[in-house]
Amino acid sequence: MNDTRSPLQTVFIYLGALLILVWSGGPFIWQFSTSFQLDKALTSGSPSLIPDPFTLEHYYNAFVEKELHRYVWNSLVVSLATTFLCLFVGSLAAFALSRLNIRGRFGILMVILSVSMFPQIALVGPLYLVATNLGLLDTYTALIITYLALGLPLVTWVLFGYFETLPREIDEAARMDGVSVPGLLWHIILPMSLPSLVTTGLLAFITAWNEFLFALAFTSNIDRQTIPVGIANFTNQYYVPWGDIAAASAVVTVPLIVLVLFFQRHIIEGLTQGGIKE
Amino acid sequence: MSAAATVPGIGRPRLGKALPSALWALLLLTPAFVSLASVSFYPIVNGLYLSLTNTSLITQENEFSGFANYVQLWGDAQFWNAWWHTMWFTAASTVLETVIGLCMALILCEAFKGRGLVRAAMLVPWAMPTVVTSKMFGWLFDGQNGIINYILLHAGLIDQNINWYGSPDTAMTTIIIADVWKTTPFMALLLLTGLQTVPNSLIEAARMDGAKGWITFWYIRLPLLMPTLLIAGLFRALDAFRVFDLVYVLTGGGPADSTETLSTLSYKVLFSTLQFGYGSAVSTAMFVTEGIIALAFCLYLIRQIRRAQ
């Protein structure tokens, strides 16, 4: 199609692409630059993208004063546990729906997917009461159980889609060889699905890592609060510490961005299939 | 189990035979079912029940009160205020995200140098925690030292700093901008995959016949993209309707309740006043509204698809 383009169209396309790039990356680059600038420079009235002078003060504040690492630890525990549970439970369900003859399996899938559209605010009140009665407030357990259910629909859906692409002759052959149902899943299907497991795991991880509402309701102190709650509470008494916030933002977002960029192709494929079934 | 894989199965007892396949299916689906039933379905049903009681964690009451909460809700100006804000936010952000997303997708559809880089960068807003987005926009749109005010001022577009999210007039707009920033690139990627399924031969043929770019877009690409566009719009609208993090962190529903949405209002009634009965009525009303939106969308979608056939 390249040769049919007029020079004007080419300019237009590159301009558009540049706009998209600035749109997507610009705000975070500014946030990143902010995290290395002195408060004095930030309020001077003449902002500059290059930090001058360069400072790590805000990172010092974020970790030493605000104890960011404790939130990071809580988030890591909760998100990793959620990821593995989601993959385990999700792959069992997706395998059953894809490989065992289940009547109305698309109905079941639709129900599972529509659950992810429930307004979470309608769940948080009753779940808070349950957590109170079971003594689960301020525990990792409450968050992990909740996040498992939040991540499960997407994980099941994406894994189901992947399992469907694996040829059914494999099942036949395995069955001929007398492989049991769990054997088929564990020794044959799952090893073949490693790329998809990595992507869906990443999706479950991001869901848990970024979740705010339930973490806000279920936890009340730094022993169990996750990063979003921690950052939301980042305020000083007399002014908003934009530099410290920017430093904390960079710490919790950069690893995520690196992971996402690394797996971007798989993520786009996985999500598109989750969002829109062609 | 792996040993069994090498044994020819005829006539031998197999593990798979021990349980019929239907039982296996049930067994494997149980964990997912238990999880979703206890964390999603039970709370919805329980919330429905709570909304018919005067449950309060302060007075320790929890008696059945019929539709008293809903009667109160009907006359509650704060609820309707939040309801309209939520509808406005949902409509504005969904439309903007779909339209701008489509423009982005059309550009990405073309071949150009650095396309991979642009596509990768587009995942950044999506991957970022919403709380971080919210704080980031707090800094970008800061009334005094925000870079947006600085740029607009120096470009001559405004003559004094705008107190973006600190003023009731512009606070909701700021939140919509933040949401559009975060979600549009992802929307574009969804639409892009839809666009790529439109056969190139169709477009080539139209071009051969001398059709201009916008004509091929309007008569070929857009109609073929319509189902994708509508489904992506539906998912987006349902998601926008639940907006919580962005509002709660950026404005907390203020100033002067000008950005209060149904989620933030429910949260305050539940966890600030601890009126779980009334709070559940608010969130149930929200659930019902969301159901109506989904239903209307689906009916429209079915009609569109029927007409296309």
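Helices here are DSSP runs of H or I at least four residues long, strands are runs of E at least two long, and both are numbered from the N terminus. With that in hand, take residues 108-128 of chain A: the span is 81% helix and 0% strand, and its end C-alpha atoms lie 28 Å apart. Residues 140-163 of chain A go to 100% helix and 0% strand, with end C-alpha atoms 32 Å apart. Both spans are among those UniProt lists as "transmembrane region" in an unreviewed entry; its positions follow the numbering used here, feature names are shortened, and annotations may be inferred rather than shown by experiment.

A word on ground rules. This is a predicted model, where local features need pLDDT of at least 70 and side-chain atom pairs count only at pLDDT 80 or more, while totals for chains, interfaces and linings use all residues. Residues are numbered from 1 along each chain as its sequence is written, and chains are lettered from A and ligands numbered from 1 in the order in which they are written.

Where pLDDT is low, the predicted coordinates should not be read in detail.

Now for how the chains meet. The contact takes 83 residues from chain B and 83 residues from chain A, two residues being in contact if their C-beta atoms, placed from the backbone, lie within 7 Å. On the chain B side, helix 2 (residues 21-50) gives the largest share, 16 residues.

Two loops are worth a look. In chain A, the peptide bond from Asp52(A) to Pro53(A) is cis, with omega near 0°, and Pro53(A) sits in the loop between helix 2 (39-42) and helix 3 (57-65). In chain B, the bond from Gly254(B) to Pro255(B) is also cis, with omega near -15°. Pro255(B) lies in the loop between helix 12 (245-250) and helix 13 (262-271) of chain B, and Asp257(B) is found in that loop too. Phi of Asp257(B) is near 60°, a positive value in a residue other than glycine. Most residues other than glycine have a negative phi, and most peptide bonds are trans.
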